[in-house]
Amino acid sequence: MPDLDAAFAALGDPVRRALVTRLSRGDATVGELAQPFGLSQQAISHHVGVLRRSGLIEQRREGTRRPCRLRVDRLSQLGGWIDEQRRAWDDRLDALDKHLADDGTPR
């Protein structure tokens, strides 16, 4: 997946994770996103920029408003990568369990 590192780095910040959570409930402007955080619009704009550059959100113009929207397709890609890793490790751990359960007695 292209730019996997940027997306995970963006989600490494608790404010940005909270913004993603908020945007999962619907679109919002930077001003609307800033309200519950007690942060300036400038600080929220910085976090929005990081999320936008990582491809996790998009902004569009609606007259004078610039609402942010979560890119669910991008989150699904991240989730798919995580699921692949989980399956691979489950397979490895199952093989290890089988190996450790084998007492070496011929069958």
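Arg 52, Arg 53, Arg 61 and Arg 66 form a patch of positive charge on the surface. This is a predicted model, in which local features need pLDDT of at least 70, side-chain atom pairs count only at pLDDT 80 or more, and totals for chains, interfaces and linings use all residues. Residues are numbered from 1 along each chain as its sequence is written, and side-chain values use heavy atoms, with hydrogens and water left out.

A patch takes residues with over 30% relative accessible area and no salt bridge; like charges are joined within 9 Å, and nonpolar side chains (Val, Leu, Ile, Met, Phe, Trp, Tyr) within 5 Å. Lys and Arg count as positive, Asp and Glu as negative; His and the chain ends are not counted. A charge is placed at NZ of Lys, CZ of Arg, CG of Asp or CD of Glu. Accessible areas come from the Shrake-Rupley method with a 1.4 Å probe.

Arg 53 sits in helix α4 (residues 41–53). Its relative accessibility is 57%, so Arg 53 counts as exposed. The cut-offs are under 20% for buried, over 50% for exposed, and partly exposed in between.

There is a negative surface patch too. Asp 90, Asp 91, Asp 94 and Asp 97 form it. Asp 94 belongs to helix α5 (residues 72–101).

**Overall form**

The chain has five helices and two strands. Their order along the sequence is α-α-α-α-β-β-α. Helices (H or I, at least four residues) and strands (E, at least two) are DSSP runs, numbered from the N terminus.

The radius of gyration is 20 Å, while a compact globule of 107 residues would have one near 13 Å. This radius is taken over C-alpha atoms; the globule rule is 2.2 Å times the number of residues to the power 0.38. Along the principal axes, the C-alpha atoms fill a box of roughly 75 × 25 × 20 Å. Of the 107 residues, 26% count as buried.

**Salt bridges**

A salt bridge needs a side-chain nitrogen of Lys or Arg within 4 Å of a carboxyl oxygen of Asp or Glu. The count comes to seven. Three of them are listed here.

| Pair | N to O distance |
|---|---|
| Arg 65 and Glu 32 | 3.7 Å |
| Glu 62 and Arg 60 | 2.9 Å |
| Asp 73 and Arg 71 | 2.9 Å |

Shared partners join Asp 27, Glu 32, Arg 60, Glu 62, Arg 65 and Arg 69 into one network of salt bridges.

Arg 65 and Glu 32 meet in a salt bridge. Arg 65 lies in the loop between β1 (57–59) and β2 (68–70) and Glu 32 in helix α3 (residues 30–34), so the pair ties together parts 33 residues apart in sequence. Arg 65 is partly exposed at 37% relative accessibility, and Glu 32 is partly exposed at 32%.

Definitions and conventions:
Buried means under 20% relative accessible area, exposed over 50%, partly exposed in between (1.4 Å probe, protein chains only).
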